[in-house]
Amino acid sequence: SYGAQWTRDFAYMLLYAGDLLDPAQARAAINYTFAGVRADGAFPDRVTAAGQPVYSPGYNWVDHADDNVPFGALLLTAHAARWPDRSFFCTLEPKVRLGMQFINKSSLGLVYNSPATPNCAYGFTDTVAKTGNVLFTSLLFYQAATAMTKYSTQFSCGDVSFYSNISSAIARNLDGALWDASAGLYYAADIDNHLHDVWGSAFAVSIGVASAHAHAITSALLQSQAG
């Protein structure tokens with residue numbers, strides 16, 4: 001759309017409607033995205049029809065969006081889930097690892113968007129300022145790292161402990177950093193936009209990273225508001 005291939009949109013398509021795609025075309029499209037990975041590990045927000053990678057949503061108002069990397073990883077793991085191909089996965093895995101090293105994280109292992117030099121935390125909400133430890137992008141990192149652990153193990157390539165350590169740190173520290181027991185929800189971030197994130201809280205439950213306590217409380221709260 002708009003003369004470009006969006007990393008996030010393509011990842012959602014491959015994850016949830018990949019059965020509608022041709023495997024060879026999907027691989028070509030993944031390679032098209034990965035060809036735009038910068039030397040420092042930044043993944044593109046999109047790649048134009050002319051082959052130009054763009055790293056920031058909108059009009060390059062920041063250096064990059066932090067969610068580009070986990071969505072790039074999810075492209076690779078979604079392909080592995082639908083069409084297992086060791087050579088394809090192992091060829092592209094090093095770029096995912098470089099990207100996950102590139103994104104700034106706090107001492108807690110959560111994705112950290114510095115208020116002094118902020119980037120876009122999540123491209124779909126690029127007009128919402130979120131700084132500090134950020135919920136939604138950390139959840140995407142957890143989802144991506146968990147999947148990368150699975151397929152790096154299955155295909156015997158990549159750094160399994162690297163990915164496992166990312167997901168473990170997020171699971172271990174998420175509640176302490178962002179859970180609000182009084183509301184039964186997670187905060188979107190702990191500096192700018194220190195507000196409750198309903199979508200992010202539901203996502204934390206759905207991907208299994210919320211603690212058992214938070215899972216029970218958030219699930220009950222959301223179910224009570226449904227219909």
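1. In this predicted model, helices α3 and α4 are roughly antiparallel to each other, because an angle over 145 degrees counts as such and their axes cross at roughly 160 degrees. The two axes come within 9 Å. Helix α3 spans residues 68-82, and helix α4 spans residues 86-102. The crossing in which α3 passes α4 is left-handed.

2. The residues that make this contact may be listed by helix. From α3 they are Val69, Ala73, Leu76, Thr77, His79 and Ala80. From α4 they are Phe88, Phe89, Leu92, Glu93, Val96, Gly99 and Met100. Sorted by class, the α3 and α4 contact comprises 9 nonpolar, 3 polar and 1 charged residues.

3. The next point concerns strand β3. This strand covers residues 53-54 and contains Val54. Val54 has a relative accessibility of 13% and therefore counts as buried, the cut-off being under 20%. Apart from neighbours within four places in sequence, Val54 has contacts with Pro44, Asp45, Arg46, Thr48 and Asn60.

4. Asn173 is a residue of helix α6, which runs over residues 160-178. With a relative accessible area of 18%, Asn173 is buried. A polar atom of the Asn173 side chain lies 2.7 Å from the backbone oxygen of Leu108. When neighbours within four places in sequence are set aside, Asn173 is in contact with Leu108 and Leu110.

5. Helix α7 comprises residues 198-206, and its buried residues are Gly200, Ser201, Phe203, Ala204 and Val205. The elements that cover these buried residues include α5 (135-155), β7 (185-186) and α8 (212-225).

6. At its start, a side-chain oxygen of Asp197 comes to within 3.3 Å of the backbone nitrogen of Trp199. After the helix comes Gly208, which has a positive phi near 80 degrees.

Technical notes:
Residues are numbered from 1 along each chain as its sequence is written. This is a predicted model: local features need pLDDT of at least 70, side-chain atom pairs count only at pLDDT 80 or more; totals for chains, interfaces and linings use all residues. Side-chain values use heavy atoms; hydrogens and water are left out. Axes are lines fitted to C-alpha atoms, for helices over the stretch in contact, and angles run from 0 to 180 degrees between N-to-C directions. Helices (H or I, at least four residues) and strands (E, at least two) are DSSP runs, numbered from the N terminus. Angles under 35 degrees count as roughly parallel, over 145 as roughly antiparallel, 65 to 115 as roughly perpendicular and the rest as oblique. A crossing is left-handed if the near helix is turned anticlockwise from the far one by less than a right angle, and right-handed if clockwise. Contact means heavy atoms within 4.5 Å. Ala, Val, Leu, Ile, Met, Phe, Trp, Tyr, Cys and Pro count as nonpolar, Asp, Glu, Lys and Arg as charged, and the others, Gly among them, as polar. Buried means under 20% relative accessible area, exposed over 50%, partly exposed in between (1.4 Å probe, protein chains only). A polar contact is a pair of N or O atoms within 3.5 Å; within protein, one must be able to donate a hydrogen and the other to accept it, and residues adjacent in sequence count only if both atoms are side-chain atoms.
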